[in-house]
Amino acid sequence: MSAKIRLATVWLDGCSGCHMSMLDMDERLLDIADKIELVSSPLMDVKGFPENIDLTIIEGAITNEEDLHKVLGFRKNTKLLMALGDCAVTSNVPGMRNTFSIDELRSRAYIENASAEQQMPDAVVPPLLSRTRPIHEVVNVDIYVPGCPPHADIIFYAISELLAGRMPDPAQMGKFG
Amino acid sequence: MNETNQIITFKINDLDVSAAAGQTILDVAREHGIGIPTLCFLKGLTPIGACRLCLVEIKGQSKLLPACVTRAAEGMEVITHSPRLQEYRKTIIELLFAERNHVCAVCVSNNHCELQDKARALGVTHIRVPYRYPRLQVDASHMRFSADHNRCILCARCVRVCDEIEGAHTWDVMGRGIDCRVITDMNQPWGSSDTCTSCGKCVHVCPTGTLTEKGVAAAEMKKRGQFLPYLTAMRGTKS
Ligand code: SF4
Ligand code: SF4
Ligand code: SF4
Ligand code: FES
């Protein structure tokens, strides 16, 4: 086997369920572990963007400026990008806010539903984008794995194919929801 | 000439088939186990050719024709599957997803939805057209049922079953293009409808999570559309 595949996993606006589903690959993680070098993930404390990533797996939709910054940065530094799960692929539940204006949302979250300290945050919280977007509406996506969350078997299949140098068959990718 | 006795011979995907005059391409294809994807079509209701998923190619014609409403004709050569048709069918499904707000993960029809099934069968892994995110209503005014317009694909099965089978004609279609909606009576809340008999037929023929029974949680709404062929068969024997 040649050099290890440099893998990054990213967590944007999602519930972490897709990362949990990756962990649900259980002992198969060990097979994968031999073939990869994990260069960035929510489980690690890595600042900025590692260079020369082979595969970046993104969970979650793009909702705020921080998500946007991350998605642009990883796309620039990765060969292949996988949108993992419905939030990344369709915007899913995070996208349900898209039928409301940002003012309506902010006022609902920080004023109407706040029992104390009713005020709009102006620092720390990254500003919301006008809409929550699926990854492919912003950057090019190479592999789509829908599902909420995608089944561990499907994730294992997709990653195994990529490790073997093949593109996974879209017909094996399961369904939305 | 007696139309019903006339036999037509034609080809579907190089298979020689015969049909009674008046039979649609879809009808004959299904008799021969050839699967053409459909959404608005439902056996027992008048076909209307609304969704265009069943489009097929006819050799020598540049126009694609919907198999559910196109009658078989002598010598016709029908192609039901090709890269071009596959591409159109995928796009139709994608447009349906983009037009309303489908969030399968929290939908009562998750895992029991014909739109979701079609997407999977056609290998739709993402939606290539921009989502519209329209702001739409949920009508929960009926005592037993609710209508979530975020999930409607405008197949008009509800309209047809209520009119043709139940005879109530509660449902209808209003507006054009992106403003098109199914409505109850004169666009009034379903619960205040004077015509609805609360029979539930529309709920059970609706292919999506639009029309549902109340009190079901995500992924719990299983439709029971089996009554329809039975009812139409019974009526057929009477007349
Ligand atoms: S109606 Fe079907 S496609 Fe739409 S959200 Fe519900 S399960 Fe998904
Ligand atoms: S419940 Fe029956 S009568 Fe009422 S709208 Fe539906 S099909 Fe028509
Ligand atoms: S409510 Fe259901 S049956 Fe009626 S048009 Fe919409 S999707 Fe079709
Ligand atoms: S099934 Fe033929 S147009 Fe919908």
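**Close-up views of a two-chain predicted model**

**View 1. The contact between chains A and B.** In this predicted model, 20 residues of chain A are in contact with 20 residues of chain B (two residues are in contact if their C-beta atoms, placed from the backbone, lie within 7 Å). Helix α4 (residues 86-90) of chain A supplies the largest share of the side that touches chain B, namely three residues; helices (H or I, at least four residues) are DSSP runs, numbered from the N terminus. The side of chain A that touches chain B comprises 10 nonpolar, seven polar and three charged residues. Here Ala, Val, Leu, Ile, Met, Phe, Trp, Tyr, Cys and Pro count as nonpolar, Asp, Glu, Lys and Arg as charged, and the others, Gly among them, as polar.

View 2. Ligand 1 lies between chains A and B. There are 14 residues around ligand 1, of which H102(B), C104(B), C107(B), C113(B) and T208(B) come nearest (a residue is near a molecule if its C-beta atom, placed from the backbone, lies within 6 Å of it). The shell around ligand 1 has six nonpolar, seven polar and one charged residues.

**View 3. Confidence of the prediction.** Chain B has an average pLDDT of 94, and 97% of the residues score at least 70; pLDDT is the predictor's confidence in each residue, from 0 to 100. For the complex, the predictor gives an ipTM of 0.93 and a pTM of 0.94.

**Conventions.** Residues are numbered from 1 along each chain as its sequence is written, while chains are lettered from A and ligands numbered from 1 in the order in which they are written. Local features need pLDDT of at least 70, side-chain atom pairs count only at pLDDT 80 or more, and totals for chains, interfaces and linings use all residues.

Conventions. Helices (H or I, at least four residues) and strands (E, at least two) are DSSP runs, numbered from the N terminus.
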